[in-house]
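I set out to record what I looked up in this structure, entry by entry.

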Amino acid sequence: MASKRANGQEDVVVLGTGMHPWGKWGRNFVEYGAVAARAALQDAGVAWTDIDYLAAGNTMRNGYPGYVSGSTFAQALGWQGIPVSSNFAACASGAVALEAARVRIQSGKADVALVVGADTAPKGFFGPLPGDRPEDPDWLRFHLLGATNPTYFALYARRRMELYGATEKDFAAVKIKNSRHGMANPFARYRKEFTADEIAESPMVADPLRLVDICATSDGGAAVVLASAEYAQRLADTARHVRIAAISTVTPRYPNTYLDMPDMATDSAVGAAAPELGFRDSIAHAAYEESGFGPEDVSCAEVYDLSTALELDWYENIGLCQPGEAEALLHSGATTLGGRVPVNASGGLASFGEAIPAQAIAQVCELTMQMRGEAGARQVENARVGLSVNQGLFGHGSCVIVAR
Amino acid sequence: MTLPRVPALEGFFREEPDGSARLLGGHCAQCGASFFPKQFSFCRNPACEGAILDDTELSTTGKLWSFTDNQFTPPPPYPQVEIFVPYGVAAVELAAERMVILGQLAEGTNIANLAVGDTMTLIVEPLYETREEIRTVWKWKAVDK
């Protein structure tokens with residue numbers, strides 16, 4: 001695919017990536033983000049003082065600094081006068097921050113931008129923010145139903161079992177694969193291989209999902225440096241540059257008839273034709289349309305495995321196989337390292353847990369390392385096109401396609 | 001003395017004398033869409049100019065779309081109790097409204113007996129108790145099981 005876009009513009013380039021390892025330390029999230037940012041700047045060979053735009057992903061559970069993440073990180077790295085933006089789209093926050101930086105560069109208002117996201121997460125179930133808010137769907141679902149995120153994941157998993165005959169053993173096979181992948185990732189929180197027996201002994205949280213089927217809440221930080229093609233070409237090491245072929249940040253189309261967090265009900269399909277593509281299918285579709293690539297071009301993918309079962313849904317949503325075929329694709333070995341299209345070579349959320357505003361950025365860090373051939377023991381052979389996909393509650397889709 | 005039963009939150013459902021529940025939603029007379037909860041005064045269909053949603057009561061039965069259970073106590077604002085009893089959660093599709101609605105499953109439902117497509121009906125059961133009242137919520141109950 002040509003890197004020139006329809007309007008004659010060159011694709012924006014990923015110059016550098018940086019991560020703070022995922023874990024549970026309870027330190028200030030700004031420290032994780034600053035570590036990741038400095039690593040990304042060093043990797044890019046760009047000084048912080050040369051950065052002319054900063055886009056950050058917000059965190060909701062760390063007070064005001066988390067709501068103004070752009071200025072929080074600009075201050076931490078040292079005020080230098082540049083404009084910033086603070087982006088929130090739940091789990092898709094990182095992708096929205098990436099898109100803010102990309103658009104800024106494409107518009108000519110910036111040459112080189114830093115994108116950063118970091119979080120310090122509480123232990124256990126994510127709950128809504130404190131206070132009584134009967135008008136807030138996120139508060140309502142917890143108060144009236146006790147519908148946690150894993151409750152929704154389990155509803156999707158059960159639906160998959162009933163529609164396609166998926167089994168708990170299929171879900172366990174996803175965990176086994178991703179835990180093996182994650183063992184080779186120094187940034188992963190859990191670097192332990194899981195066996196089928198260990199998974200079967202894990203406590204049931206929301207039937208059919210066990211504790212180890214569900215991603216943990218984690219601390220972590222990730223950052224990337226993006227630049228215009230023109231700026232990138234002035235730097236020495238252009239062989240390591242990876243281009244952003246597409247970013248999709250779509251929202252659902254009405255009527256959204258697939259039950260979505262945090263709602264207690266779907267839209268009604270009376271009075272409006274259902275959209276041709278369901279919301280989850282539309283996320284990668286938009287990125288394929290923009291990039292000119294199709295599912296057959298994808299060398300490796302990072303999908304948002306909030307649960308093991310959800311990874312199987314994503315195979316279908318991003319077009320790796322037809323609906324109902326994900327289990328067969330998994331068991332064929334195609335999505336394992338060494339297979340046709342490895343999925344979650346990083347180890348995925350199964351090995352990381354979820355650091356909300358960092359997660360979509362971390363996906364792009366992994367894909368960039370893969371495209372460069374710098375992923376070490378988890379390297380996907382001859383990786384040329386990488387796709388990340390993710391969904392944030394309240395209707396945020398995110399998909400990034402990178403290419404070398 | 002039996003405590004009075006009142007909805008945990010006003011405006012979401014109503015209890016009939018026979019213990020069944022009526023969900024209170026919004027209905028757009030212009031495009032026919034229903035909404036639950038009513039949430040806003042206007043229609044959210046982008047192709048519809050409906051400016052007013054009528055109050056409506058949704059269908060009381062539907063087909064099971066999916067189901068699960070909560071085996072650990074959810075965090076606040078879910079009412080916290082000393083001894084947590086695991087309970088089921090169901091998503092049920094209403095045929096007339098063509099929408100899926102979440103609810104807890106009736107007490108004592110064994111989810112091992114459920115299957116997608118089962119007919120479900122709405123009832124009212126306690127969510128939690130205060131000293132003065134039993135605070136209730138709508139729940140889905142399997143018909144014929």
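**Notebook entries**

I began with burial in chain B: of its 145 residues, 41% count as buried (20 or more other C-beta atoms within 10 Å of the residue's own, with C-beta atoms placed from the backbone). I note that this is a predicted model, in which local features need pLDDT of at least 70, side-chain atom pairs count only at pLDDT 80 or more, and totals for chains, interfaces and linings use all residues. Residues are numbered from 1 along each chain as its sequence is written, and chains are lettered from A in the order in which they are written.

I then looked up the secondary structure of chain B and found 0 helices and 10 strands; helices (H or I, at least four residues) and strands (E, at least two) are DSSP runs, numbered from the N terminus. The C-alpha atoms of chain B fill a box of roughly 50 × 35 × 30 Å along the principal axes.

Next I turned to A:Val402, in strand β11 (residues 396-403) of chain A. I list A:Val402 as buried because 27 other C-beta atoms lie within 10 Å. Beyond neighbours within four places in sequence, A:Val402 has contacts including A:Val14, A:Ile244 and A:Met371 (C-beta atoms, placed from the backbone, within 7 Å).

Last, I checked where the chains meet: 34 residues of chain A and 41 residues of chain B take part in the contact. On the side of chain A that touches chain B, α5 (137-145), α6 (149-164) and β5 (204-206) each supply at least two residues. I record α6(A) as giving the most to that side, with 6 residues.

Methods
Buried ≥ 20, exposed ≤ 12 C-beta atoms within 10 Å, placed from the backbone. Contact = placed C-beta atoms within 7 Å.
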